[in-house]
Amino acid sequence: MTGPLIRDRTQADLPACVQLLTEVHRADRYPLNWPADPYRWLCPARLRQAWVAVSESGDLVGHLAVQQTPDHGAEVVRLFVAPVHRRRRVGTALLRRIAQWADDQQIDLTLQVVDRAGSSAVVLYEEQGWRHSGTSTADWTAADGRPVTVRHYVLSPGRLPR
């Protein structure tokens, strides 16, 4: 595989995105709390743009979205990759696409990830040049009501790995 095609997500992609999200949730518990309406969850109120990764065979294998932040920056949200397509640089391709988009816009990107020591997500973000900027308690809880700790990351324009 030479790498996935990264393209803008369309409305017609949403059923396949929900199917993929279901697979990811079963494998990894992402999202930690299954949304009541996964279609709405994939389209947050402040959505600016969303992309999908498509394999050479035409299967949707990854997803990433970005939403507007109150300070007019952008936050990466809804990043997930098909379990069977992991370790094939799909996540890297999606992150490179969003970094290029942010460079073109000249805006900082932020993201949050559940704080799990040594998680593949944390390793991926740090390998791609994202800077850990802090840790906090999320404003939402796990399904059992326990607080969730999240790691915050930032990527500034021009920080796209070469």
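This is a predicted model: local features need pLDDT of at least 70, side-chain atom pairs count only at pLDDT 80 or more; totals for chains, interfaces and linings use all residues.

Colleague: OK, and how many bridges join strand 3 to strand 4, and which way do the two run?

Modeller: Six bridges join strand 3 to strand 4, which covers residues 74-81, and the two run antiparallel. They form a hairpin with five residues between them, and in that turn histidine 72 has a positive phi of about 70°.

Colleague: What about strand 2 and strand 3, how many bridges there?

Modeller: Strand 2, residues 47-54, is joined to strand 3 by seven bridges, and these strands run antiparallel as well. One of the pairs is tryptophan 51 with leucine 64, the latter lying in strand 3. Here too there is a hairpin with five residues between the strands, and glycine 58 in the turn has a positive phi of about 95°.

Colleague: How many residues of strand 3 are buried?

Modeller: Eight of the nine residues in strand 3, which spans 60-68, are buried, so the strand is largely enclosed by the rest of the structure.

Colleague: And what do the buried residues of helix 1 pack against?

Modeller: They pack against strand 2, strand 3 and strand 4, and also against helix 2, residues 38-41. The buried residues of helix 1 are Leu14, Cys17, Val18, Leu20, Leu21, Thr22, Val24 and His25. As a general point, an α-helix has 3.6 residues a turn, so residues three or four places apart point the same way.

Colleague: What span should helix 1 have, and how far apart are its ends?

Modeller: Helix 1 has 15 residues, 14-28, and at 1.5 Å a residue it should span 21 Å; its end C-alpha atoms are 20 Å apart, which agrees.

Colleague: Switching topic: how many disulfides does the structure hold?

Modeller: The structure holds zero disulfides. Cysteine 17 is in none, and the nearest cysteine sulfur to its own, that of cysteine 43, is 8.5 Å away, whereas a disulfide would need the two sulfur atoms within 2.5 Å.

Colleague: Is cysteine 17 buried or exposed? And how accessible is cysteine 43?

Modeller: Cysteine 17 is buried, its relative accessible area being 0%, while cysteine 43 is partly exposed, with a relative accessible area of 28%.

Colleague: Now the other strands. What does strand 7 pair with?

Modeller: Strand 7, residues 147-155, is joined by six bridges to strand 5, residues 109-114, and the two run antiparallel. Seven bridges join strand 7 to strand 6, residues 131-141, again in an antiparallel arrangement. Valine 150 in strand 7 is the bridge partner of valine 114 and also of serine 136.

Colleague: What sits between strand 6 and strand 7?

Modeller: Strand 6 and strand 7 form a hairpin with five residues between them, and glycine 145 in the turn has a positive phi of about 90°.

Colleague: How many salt bridges does a search of the whole structure find?

Modeller: The search finds four salt bridges. In one of them, the side chains of arginine 7 and aspartate 13 meet at 2.7 Å, N to O. Aspartate 13 is buried, at 8% relative accessible area, whereas arginine 7 counts as partly exposed at 28%.

Colleague: Which residues does arginine 151 form salt bridges with?

Modeller: Arginine 151 forms a salt bridge with aspartate 115, where the closest N and O atoms are 3.7 Å apart. This pair links distant parts of the chain, 36 residues apart, since arginine 151 is in strand 7 and aspartate 115 is in the loop between strand 5 and helix 4 (120-127). Arginine 151 also forms a salt bridge with glutamate 126, with the closest N and O atoms 3.2 Å apart. Glutamate 126 lies in helix 4 and arginine 151 in strand 7, so this pair ties together parts that are 25 residues apart in sequence. Through shared partners, salt bridges join Asp115, Glu126 and Arg151 into one network.

Conventions
Residues are numbered from 1 along each chain as its sequence is written. Side-chain values use heavy atoms; hydrogens and water are left out. Two strands pair if DSSP finds at least two bridges between them. Helices (H or I, at least four residues) and strands (E, at least two) are DSSP runs, numbered from the N terminus. Buried means under 20% relative accessible area, exposed over 50%, partly exposed in between (1.4 Å probe, protein chains only). The expected span of a helix is 1.5 Å times one less than its number of residues. Contact means heavy atoms within 4.5 Å.
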